[in-house]
Amino acid sequence: MTSNVGVADLRLVDWGTATAQERHRILARGGDHAGVGEGLRSAIADIVEDVRSRGDAALVDALGRFDKMNLPVEGLRVSEEEFDAARAAVSEPLVEAIRTSIAQVRAFNELIVQRASWTARPRPGLVVGEQATAIPSVGLYVPSGKGSFPSVLVQIATPAVVAGVDRIVVMVAPMPGGAGQVDPATLVAARELGLTEVYRSNGPAGIAALACGTETVAKVRKIVGPGSPAVACAQLEVQRLGCVVEVGFGPTDALIVADDSVDLRWLAADLINEAEHGADSSAVLVSTSRAVLEGVREHVAQQLAELPEPRRTYARTSIAVNGGLVFASSREEAMEVANAYAPEHLQLAVADPEEWLPLARYAGTVLLGQWTTFAASNFAIGTPATLPTTGFAQVSSGVTASTYLVRAAVAHADESEFRRLAPVVTALAHHEGFPAHAASVTVRQPDNA
């Protein structure tokens with residue numbers, strides 16, 4: 001939409017007096033979007049069924065039809081020689097950046113795993129808790145249509161490795177315009193993580209292969225990873241076949257809450273940061289200071305002018321059309337807007353962010369202060385960066401080791417606790433018509449011993 005939309009004259013929305021339509025535009029990331037049409041749904045369903053029915057042959061055909069790449073079945077899996085060539089093609093600074101990023105994500109997720117299983121004694125004679133176990137297999141999807149994204153694999157694979165998933169499969173879309181080559185930086189990240197089962201495939205067909213299995217690709221129990229609308233549609237489709245899919249990863253969105261303590265240049269840079277992802281992204285700035293909102297416009301315009309295309313148009317559209325500037329009359333109102341928007345990324349660019357943090361109820365990640373930037377969170381801090389978008393933060397969380405764990409409740413009651421609870425069991429068993437439930441109590445009575 002719109003390289004001609006100006007940001008310097010971006011209209012400011014006063015949340016307290018805004019109309020329902022103005023509020024909806026902000027919260028809906030620019031308004032109601034058409035979403036996935038019936039035509040796309042039908043086409044993706046056909047691809048999924050084709051892969052389910054014909055296996056590898058359908059994967060090869062999809063690469064030819066949609067990606068214009070003619071590969072033999074033997075070329076679906078990435079070879080050891082390709083891993084070697086990828087390592088030789090990637091610069092040492094990038095390799096070191098990937099290693100550091102993995103280490104940071106690993107450290108964060110090890111803390112999660114350490115706390116995943118627990119026990120407690122709520123009263124004498126009763127121990128309860130949870131035992132966490134890694135899921136048996138997972139398929140990780142990494143897109144490549146808009147560029148090279150090794151950070152996506154780092155963010156979704158490292159937690160799976162830390163959780164202890166037995167089988168981790170990586171499905172990568174080949175680089176556009178090539179002969180089926182897989183992004184070298186993504187292969188380097190895979191090797192650094194010890195992942196060797198990597199396949200190239202058209203996106204929706206690859207999702208179907210992970211869910212259904214083919215002669216070459218054994219099916220998995222869960223699929224994780226962001227992708228295009230077609231990939232997202234395929235992920236929804238394969239859930240009908242019994243494969244669990246981690247959903248809610250759509251176009252990027254970010255919201256910054258700022259007070260009058262901010263550096264305006266930094267604020268503008270952070271607002272543009274997530275906005276450059278695509279024309280369907282959204283970036284919102286909420287402030288309790290009108291002066292901040294008025295002052296940031298010029299900095300945003302100046303910094304946008306320095307961006308190359310198409311990132312400049314992406315960012316301009318994300319801010320001016322899908323996002324915006326919002327004035328809030330108080331800290332409470334500012335956080336009301338943030339929670340209603342439920343951003344993928346929330347930055348509290350305020351003087352004392354710890355005081356604001358308890359008011360942040362719904363966000364994929366919360367970054368405290370202007371030194372804790374979106375880019376640092378995406379690439380280096382170690383907190384999750386594959387996060388729920390488009391308001392899904394109100395009902396789901398980012399990808400961490402928890403994504404790859406299942407929890408079994410554990411309980412141990414001694415005789416005295418059993419006898420204390422026995423009347424509860426028998427009363428409910430009789431009421432609900434389960435005589436065998438009641439008998440499991442009476443058989444343990446002293447007179448039946």
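1. Let's start with helix H11, where Val 292, Leu 293, Val 296, Arg 297, Val 300 and Leu 304 are buried (buried means under 20% relative accessible area with a 1.4 Å probe, counting protein chains only; exposed is over 50%, and partly exposed is in between). Helices here are DSSP runs of H or I with at least four residues, strands are E runs of at least two, and both are numbered from the N terminus. A caveat before going on: this is a predicted model, so local features need pLDDT of at least 70 and side-chain atom pairs count only at pLDDT 80 or more, while totals for chains, interfaces and linings use all residues. Residues are numbered from 1 along each chain as its sequence is written, and side-chain values use heavy atoms, with hydrogens and water left out.

2. What sits over those H11 residues? The cover includes strand S1 (12-14), helix H10 (264-275), strand S10 (282-287), helix H12 (311-320) and strand S11 (324-327), where contact is heavy atoms within 4.5 Å.

3. The geometry of H11 checks out: its 16 residues (290-305) should span 22 Å at 1.5 Å a residue, and the end C-alpha atoms are 24 Å apart, which agrees. The expected span is 1.5 Å times one less than the number of residues. There is a bend of about 25° at Val 296, taken as the angle between axes fitted to the seven residues ending there and the seven starting there.

4. Next, Arg 29, in the loop between helix H1 (20-27) and helix H2 (38-54). Buried or exposed? Arg 29 is buried, at a relative accessible area of 8%. A polar atom of its side chain lies 2.9 Å from the backbone oxygen of Tyr 341. Beyond four places in sequence, Arg 29 touches residues including Asp 253, Ser 282, Asn 322 and Thr 390.

5. Ser 282 belongs to strand S10 and is buried too, with a relative accessible area of 1%. Its side chain makes a polar contact of 2.8 Å with the side chain of Tyr 341 (a pair of N or O atoms within 3.5 Å; within protein, one must be able to donate a hydrogen and the other to accept it, and residues adjacent in sequence count only if both atoms are side-chain atoms). Among the other residues in contact with Ser 282 are Arg 29, Thr 252, Asp 253 and Ser 318.

6. On to the largest nonpolar core, where Val 138, Leu 140, Leu 153, Ile 156, Val 198 and Tyr 404 touch the most other members out of 40 residues. Such a core is a set of buried Ala, Val, Leu, Ile, Met, Phe, Trp, Tyr and Cys residues joined through side-chain atoms within 4.5 Å. The largest share, seven residues, comes from H6. Leu 140 has contacts that include Leu 153, Ile 156, Val 170 and Tyr 404. Another core, of 31 residues, lies apart from it, with Leu 63, Ile 223, Ala 234 and Val 238 among its members.

7. Helix H7 has Ala 185, Thr 186, Leu 187, Val 188, Ala 189 and Ala 190 buried, under cover that includes H4, H5, S4, H6, S5 and strand S6 (198-200). Just after H7, Gly 194 has a positive phi of about 80°.

8. Finally, the whole chain: 17 helices and 14 strands, with buried residues making up 49% of its 449 residues. The C-alpha trace spans about 85 × 60 × 45 Å along its principal axes.
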